[in-house]
Amino acid sequence: MARHDAVGGFDPEPEDEDDYDEANAALKERFGIWAAEKGLEVDPEAPESPVHYKWAYLDGHLTRWTRADLDEVYLELYPAKVIVEDDELGEVLAEARTFFTFLADTGLLDEDSDPAEVLIGHLSAIEGRFRANMADDSRQSFGKRLWRQALSEGVSLDDQAAVDAFIARFNARPRAERDTVLGANLSPRQPQGRFTPKGTPPRPSSAKRRKRRR
């Protein structure tokens, strides 16, 4: 179980997936309360993707952030794994800036982090590279290509039965057709995680989740 040895009983460095789920839920709850107190209209799930990738692929510490971490999450992992519509790309970094403002305002930003204003400024500085990398198909993982194909065929990634049926159909296709979808000849970089994250489809931005709920 989580150690609960950090700020106010919140463990920012969970040891396993159960601990992570508990810490992630607590962090998002605090974010939602903070946003409500500030009168901000933000999705309480906004921290989900950066926190997930920080834990699963980087150093595992949810509230210790540097500019290098931002580069890894938004310039490498997002392009490889996260499906975001072009008109929602700006919202991704806007949500990130709100998240780091929250960490600083609530005293949760770890003392070994870069200052919040530096992190927020860096997010603005990398926006052009973020957009370019998100548009670069060669950076997409095989998984992201697969789920983009599923979406293009009208499959809801929230419907497990539909996902399973799509995978069965896809696996039955000729090898050349599957390679065309997956871009097997492109040899994309495959980010390796510290842990195997729960779930199969790429984790959507909160903008995508809102779109799905409509």
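Visitor: What sits over the ring of W65?
Guide: The charged end of K54, 5.2 Å from the ring centre. A charge sits over a ring if NZ of Lys or CZ of Arg is within 6 Å of the ring centre and within 35 degrees of the ring normal. Keep in mind that this is a predicted model, where local features need pLDDT of at least 70, side-chain atom pairs count only at pLDDT 80 or more, and totals for chains, interfaces and linings use all residues. Residues are numbered from 1 along each chain as its sequence is written, and side-chain values use heavy atoms, with hydrogens and water left out.

Visitor: Where are F31 and F102 in the chain?
Guide: F31 is in helix α1 (residues 17-38) and F102 in helix α4 (residues 89-105), 71 residues apart. Helices (H or I, at least four residues) and strands (E, at least two) are DSSP runs, numbered from the N terminus.

Visitor: Buried or exposed, those two?
Guide: Both F31 and F102 are buried. Buried means under 20% relative accessible area, exposed over 50%, partly exposed in between (1.4 Å probe, protein chains only).

Visitor: What about Y78 and F130?
Guide: Y78 and F130 also form an edge-to-face pair, 6.1 Å centre to centre with 65 degrees between the planes. Y78 belongs to helix α3 (residues 67-81) and F130 to helix α6 (residues 127-134), 52 residues apart.

Visitor: Why does F130 count as buried?
Guide: Because its relative accessibility is 0%.

Visitor: Which residues are buried in α6?
Guide: F130, N133 and M134 are. They fall within an arc of 100 degrees seen down the axis of α6, so they line one face of the helix. The arc is that of the directions from the helix axis to the C-beta atoms.

Visitor: What do they pack against?
Guide: The buried residues of α6 pack against α3, α4 and α7 (142-152). Contact means heavy atoms within 4.5 Å.

Notes: Rings of Phe, Tyr and Trp (its six-membered ring) pair if their centres lie within 6.5 Å; planes under 30 degrees apart count as stacked, over 60 as edge-to-face and the rest as tilted.
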